[in-house]
Amino acid sequence: MENLPVTLKQAQSMLPSLIKANVVPFLHGSPAIGKSSVVKAIAEKFKLKLIDVRLSQLDPTDLVGFPTFDQEKVVYKPVDLFPLETDEVPKGYNGWLLFLDEANGASHAVQMASYRLILDREVGNHKLHKQVAIVAAGNLETDGAIVNTMSSALISRFAHFNIKLNRDDWLEWAANAGVDYRITSFLAFKGDLLYTFKPDATDPYAAPRTWDMVSRVIKGETIVQEHMPLIASMIGEGTAREFITYTNLYAKLTSFDQIIADPTGVPLPEELATQWACMSMVCTEVTDKTATQVATYLSRLKMELQVCAMREIKNRKGLEFVKKEMREWFSATAKEIF
C-alpha cells in the first residue's frame, strides 16, 4: 500500500486527532520496528486500558457473536473481548484502546466480519462503548510476512500510515524508556545495526523490539564474551559480536569519579569508538551535583559528539536539566551549531 511514509513519532502525534473523530488509523510497517509501542504509549498517555487483539487469530464468529437460542429466536452473543455500551469503564481509566494487530493477516472472512466493528463500532448487533478507541496495525507484504489483500471496502474504513524507522526517534524513545545506555551509545555510533531485518531471513535479527529485549537481559550486568550465545539469540551473531566488542571498551574507560575530579586534565580517549562509549557513560551518570564538571569535560570533545551528548542528556534527564544545570555549555554548543 503506497502512502507518504511517516516516522513512529509523527504517527504518534497524529493518531489522537483521528481517534477523537472515531477514524481508525492503520499502521503499516515492517516487523518489530515498534508499531505496538506507539499504541501502548497512546494508551498510557490518555489512560486507556489496552486490549491487544490479534485479528489474524480470530474467527468470524468472534466478531459477529456466537448463535444461541433465546426462546424461539436465535441471538448472537458477543465475546468478552470487546467493551460494550453497557460495560463500566475500569477504575483508574478513561476508557479502552482496542488494538487490532496483524489486521491485514486476517482471513478474508474475518476481514469482512470486521467491517461493522471498524466503521459502525458494532460487534454483531451490540454497540461498542463510546469510550473505546480503535487502532489497527499490520506488516508489509514485501517483508515476507503473512498478509492478505484488503478489499477496497475495508481499505476505505481506515486512515493508512506507512511507518518508516527513524534512528534518532528511536534513540529518543529508548533513552526515555530506560534502555541500557550501552545499547543507545552503540546504535548512535553504528546506526545501521538498529535494524538488520531481511525478508528472506530465518535467523534472529536486530530490531527495536529485539534491542529492547537485549536491554532487559543485560541491565546491571557486565558484558563478557560468554554472553555471546545469549545476545546472539536475540539480535543475530554478527550484530552481537560487534556489540560485545564495543561494550568491552567500557572496561578501559577512565572512571566517572576521575573525570569529575579533573574534567579539564583527564586524558581524552584516542579512538573514536572509545570517545562515544565515554560520552554515553558520563551522560548517563550525570546529576545536578556533577553537571558543571560533566559539561566541562564534554566541551573538550568534537562538536559531533557534543551534539549527541546534549541529545542523550536531554532524552534521559529532560531539556530543562540541560538548560538549567549545564546552561553555559548548552549555550556555547547551540551557538556553534546555529
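A salt bridge is taken here as a side-chain nitrogen of Lys or Arg within 4 Å of a carboxyl oxygen of Asp or Glu. R241 and E237 form such a pair, with their closest N and O atoms 2.8 Å apart. The model discussed is a predicted one.

**Overall architecture**

The protein comprises 17 helices and ten strands. Along the principal axes, its C-alpha atoms fill a box of roughly 90 × 45 × 35 Å. Of the 338 residues, 47% are buried.

**Salt bridges**

The count of salt bridges comes to twelve. Three of them are set out below.

| Pair | N to O distance |
|---|---|
| D52 and R54 | 3.1 Å |
| K127 and E122 | 3.0 Å |
| R241 and E237 | 2.8 Å |

Both R241 and E237 belong to helix α11 (residues 237-247), where four residues, about one turn of the helix, separate them. R241 is partly exposed at 42% relative accessibility, and E237 is likewise partly exposed, at 48%.

In the pair of K127 and E122, the two partners fall into separate classes: K127 is partly exposed, with a relative accessible area of 42%, whereas E122 is buried at 14%.

D52 has a relative accessible area of 36% and is partly exposed; R54, at 32%, is also partly exposed. These two residues belong to a network of salt bridges that also links D101 and E102.

**A buried aspartate without a salt bridge**

D169 lies in helix α7 (residues 167-176). This residue is buried but has no salt bridge, and the nearest side chain of opposite charge, that of K9, is 4.5 Å away.

**Cysteines**

The structure contains zero disulfides. C283 takes part in none, and the nearest cysteine sulfur, in C308, is 9.3 Å away. Because a disulfide requires sulfur atoms within 2.5 Å, the 9.3 Å between the sulfurs of C308 and C283 is too far for a bond. C283 is buried, with a relative accessible area of 0%, and C308 also counts as buried, at 16%.

**A nonpolar surface patch**

On the surface, V64, F69, V74 and Y76 form a nonpolar patch whose accessible area totals about 410 Å². One of these residues, F69, is located in strand β4 (residues 66-70). F69 is exposed, with a relative accessible area of 72%.

Note on methods. Residues are numbered from 1 along each chain as its sequence is written. This is a predicted model: local features need pLDDT of at least 70, side-chain atom pairs count only at pLDDT 80 or more; totals for chains, interfaces and linings use all residues. Side-chain values use heavy atoms; hydrogens and water are left out. Patches are made of residues with over 30% relative accessible area and no salt bridge: like charges are joined within 9 Å, nonpolar side chains (Val, Leu, Ile, Met, Phe, Trp, Tyr) within 5 Å. Accessible areas come from the Shrake-Rupley method with a 1.4 Å probe; for residues, only the protein chains shown count as cover. Helices (H or I, at least four residues) and strands (E, at least two) are DSSP runs, numbered from the N terminus. Buried means under 20% relative accessible area, exposed over 50%, partly exposed in between (1.4 Å probe, protein chains only). Lys and Arg count as positive and Asp and Glu as negative; His and the chain ends are not counted.
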